[in-house]
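Reader: I've just opened this one and I'm a bit lost. Could you walk me through how to read it?

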Amino acid sequence: MKAVQFHEVGGPEVLRFVDVERPEPGAGEVLVQVAASAYNAADNGMRGGFLPIPVQLPHVPGYDVSGTVAALGEGVEGFAVGDPVIGFLPMERDGGAAEFVVAPAGALVSAPTSIPLADAAALPSVALTAWQALFDEGRLEAGQRVLIVGAGGVVGKYAIQLAHRAGVHVIATASPRSADAVRAAGADQVVDHTTTDVLQAVDGPVDVLLNLAPIDPEEFQADVTAVRDGGIVVSTTAFMATPSDEGRGVRAATVFVLPNRERLAELVSLVDAGQLTVEVTRRIPLTQLQALHAEGAAGRIAGKVVVTV
């Protein structure tokens, strides 16, 4: 089968389009014929060797995947050959940048039926990140307020939709380029951070500050003043410290997305109910993955890209 691998860490040039032996599922595993994988910034970090996730080389990237069940390992129940599925694969194992991938059965759920199967690869890890940041860490409830910094990105738009659906008042920062999309996702107030002081624009304290952007640490610390006493600051930017304010009881949490099969199935249900939109900005063939990684290394990828097989 065709696959993209890297045999050593390094720049995008270490990615190779190769022929490899098709894997076989073991006990508790499922062989998936891949429709698409999704590019994530973490793929770039793992390939470059600066994200501390242990992988066995050679490694196939692409831990978000969609496809159809091709074979079942011993003891697997709940799936049949031909079923369309999506999954957030264990990041240390081979991913979906290949014609076939072996996945733990517990990492897969039925795919949404309302969108193309390839596009469904854009859902798992980013939507789970948004949910875990807002509700598992932030503990947001209806009637509360959240300030989302860097809301114009992929995770931000999922976060806006999920918070809005939960009855949360959403204040979102965005550039003029993404302001309309952020507003369409359900933000109650959009602040242009390129021209406006965010703290002056926020009309009262928020329960949760969710940061999704690589902002200046001093700016991040200043933004904490927008959080009410006893609130929380949540961030997905693991490369920088998440500030708190212990004197006011404001906690800090950094989100490292975790697999959650039940939650992923719930997110699929929201997609099929028309309550959550999966946005795909570009689709590329597997043969162009190296070029896509080069774009990512240069910081030139906007939106969500799926890699079709």
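Author: Two strands pair if DSSP finds at least two bridges between them. Keep in mind that this is a predicted model, where local features need pLDDT of at least 70, side-chain atom pairs count only at pLDDT 80 or more, and totals for chains, interfaces and linings use all residues. Residues are numbered from 1 along each chain as its sequence is written, and side-chain values use heavy atoms, with hydrogens and water left out.

Reader: In what order do the six strands of the open sheet run?

Author: In general, strands of a sheet pair through backbone hydrogen bonds, either parallel or antiparallel. Here the order is 10-9-8-11-12-13, with parallel pairing. Strand 10 (189-192) and strand 13 (251-254) are the edges, each pairing on one side only. Inside the sheet, strand 8 (residues 145-149) and strand 11 (residues 206-211) share four bridges, and Ile 148 stands opposite Leu 210 of strand 11.

Reader: Which strands does helix 2 touch?

Author: Contact means heavy atoms within 4.5 Å. Axes are lines fitted to C-alpha atoms, for helices over the stretch in contact, and angles run from 0 to 180 degrees between N-to-C directions. Helix 2 (residues 124-137) packs on the sheet, touching strands 8, 11, 12 (227-235) and 13, and its direction makes about 155° with that of strand 12. Helix 4 (residues 176-185) also packs there, touching strand 9 (169-174) and strand 10, at about 160° to strand 9.

Reader: How many aromatic pairs does a search of the whole structure find?

Author: Rings of Phe, Tyr and Trp (its six-membered ring) pair if their centres lie within 6.5 Å; planes under 30 degrees apart are stacked, over 60 edge-to-face, and the rest tilted. The search finds two. In one of them, Tyr 63 and Phe 88 have ring centres 5.5 Å apart and planes at 50°, so that pair is tilted.

Key:
Helix = DSSP H or I, 4+ residues; strand = E, 2+ residues; numbered from the N terminus.
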